[in-house]
Amino acid sequence: MDALIIESTEISPKVVFEPEKPFFEISGESRPENVRKFYEPIIEWLNDFGNALISKQDQNQYTFNFRFEYFNSSSAKFIMDILKKLEDIYTKGINMEIKWYYDEGDEDMQETGEEFSKIIDVPFEYIEVAE
Amino acid sequence: MCNSKIILSYEGKFNLEKIETLLFKAKKLMDEMDLNITIKKKIFNIMVECMDNINKHEDNFEDISMLKNSYFDFFKESEEIYWIRTKNTIKTNNIEQLTNKINYVNSLDRKGLRRLYEVVITTGELSPKGGAGLGLIDIAIKSANKLKYSFETLNDEYKTFLLEVKVINKKK
């Protein structure tokens with residue numbers, strides 16, 4: 001399966017999903033002009049990746065790092081869709097954890113992660129990053 | 001607010017290019033001010049949502065003579081209090097729904113707003129204009145103050161909508 005690499009811009013995050021590595025990361029600012037066009041290929045990629053892992057009953061541990069500096073409310077809906085997709089893969093027996101990074105003192109980003117973790121049944125770890 | 005100081009203001013048409021220019025300027029200006037990263041992020045987030053609201057929801061006009069310029073400003077009331085204000089024209093028949101939504105958001109405390117955010121994000125579909133219905137909730141959470149708003153009648157069909165969002169820069 002091909003890697004999914006998207007370079008960041010002023011308005012969209014960097015995405016590094018390399019299937020042969022156990023760490024996946026999405027980072028930066030997210031307020032793309034067309035949020036659906038940006039996020040749907042990511043969700044489709046995860047769907048295919050998840051199906052591949054499930055079909056071979058993969059026993060590896062995978063970590064998904066979310067290192068957002070900021071995302072707008074339209075992006076939030078799609079970030080939730082990504083998390084739901086990860087939950088779907090996790091509940092089908094794939095070992096996974098989510099690491100939610102936020103800047104020191106950024107209670108909004110921390111609380112948003114906590115809200116997401118209440119909805120999504122995947123182990124969440126919160127990591128505060130010093131300024 | 002007689003001693004308030006305008007930091008950035010713009011009146012005219014809003015499109016993505018203009019919004020980017022304004023956000024870039026706002027970021028630069030905030031970097032030059034004595035603001036911590038948390039408050040800068042809150043203000044930036046609110047600006048993005050407010051301008052996004054104008055861009056997505058400003059109604060189309062059949063009668064071009066009624067088209068008023070939209071407006072944005074960012075100003076400082078005191079060393080601790082900052083405001084983000086936007087004004088745009090909307091159709092009168094959308095007023096009731098918008099008023100109900102803002103009043104509901106204003107009736108909730110932070111916990112209630114977080115709960116509403118959770119409900120909307122799990123059940124809401126993206127609107128044809130790309131909105132998730134989370135914008136005002138997100139603004140209220142980031143502001144941690146009640147949203148101020150008012151309408152001004154242009155004619156039977158149109159009004160202007162003024163939204164004023166307060167952010168307090170609490171010193172540590």
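A:Ser30 counts as buried because its relative accessibility is 0%, where buried means under 20% relative accessible area, exposed over 50% and partly exposed in between, with a 1.4 Å probe and protein chains only. The model is predicted, so local features need pLDDT of at least 70 and side-chain atom pairs count only at pLDDT 80 or more, while totals for chains, interfaces and linings use all residues. Residues are numbered from 1 along each chain as its sequence is written, chains are lettered from A and ligands numbered from 1 in the order in which they are written, and side-chain values use heavy atoms, with hydrogens and water left out.

**Surroundings of A:Ser30**

- A:Ser30 belongs to strand E3 of chain A, residues 23–30; helices (H or I, at least four residues) and strands (E, at least two) are DSSP runs numbered from the N terminus.
- The side chains of A:Ser30 and A:Tyr39 form a polar contact of 2.7 Å. A polar contact is a pair of N or O atoms within 3.5 Å; within protein, one must be able to donate a hydrogen and the other to accept it, and residues adjacent in sequence count only if both atoms are side-chain atoms.
- Not counting residues up to four places away in sequence, A:Ser30 touches A:Ile11, A:Ser12, A:Pro13, A:Tyr39, A:Phe68, A:Tyr70, A:Phe71, A:Asn72 and A:Ser75, contact meaning heavy atoms within 4.5 Å.

**Chain A as a whole**

- Chain A has three helices and six strands, in the sequence order β-β-β-α-β-α-β-α-β.
- The radius of gyration of chain A is 14 Å, which agrees with the value near 14 Å for a compact globule of 131 residues; the radius is taken over C-alpha atoms, and the globule rule is 2.2 Å times the number of residues to the power 0.38.
- The C-alpha trace of chain A spans about 40 × 30 × 25 Å along its principal axes.
- Of the 131 residues of chain A, 50% are buried.
- Among contacts in chain A between residues at least 6 apart in sequence, 66% join residues at least 24 apart.
- Chain A carries 13 positive and 29 negative side chains, and the centres of the two sets are 7 Å apart. Lys and Arg count as positive and Asp and Glu as negative, without His and the chain ends; the charge is placed at NZ of Lys, CZ of Arg, CG of Asp or CD of Glu.

**B:Tyr117 and B:Leu134**

- B:Tyr117 lies in helix H4 of chain B, residues 110–123, and is buried at a relative accessible area of 3%.
- Beyond its neighbours within four places in sequence, B:Tyr117 has contacts that include A:Phe71, A:Ala76, A:Thr112 and A:Phe116, as well as B:Leu134 and B:Ile137.
- B:Tyr117 and B:Ile137 are 20 residues apart in sequence, with their C-alpha atoms 6.5 Å apart.
- B:Leu134 sits in the loop between H4 and H5 of chain B and is buried, with a relative accessible area of 0%.
- Leaving aside neighbours within four places in sequence, B:Leu134 is in contact with A:Ser73, A:Ala76, B:Tyr117, B:Val120 and B:Ile121.

- Helix H5 of chain B, residues 135–143, is largely enclosed by the rest of the structure because nine of its nine residues are buried.
- B:Ala144 follows H5(B) and has a positive phi, near 60°.
- B:Phe75, in strand E2 (residues 70–76) of chain B, is buried at 2% relative accessibility.
- B:Phe75 and B:Ile6 are 69 residues apart in sequence and 4.2 Å apart in space, C-alpha to C-alpha.
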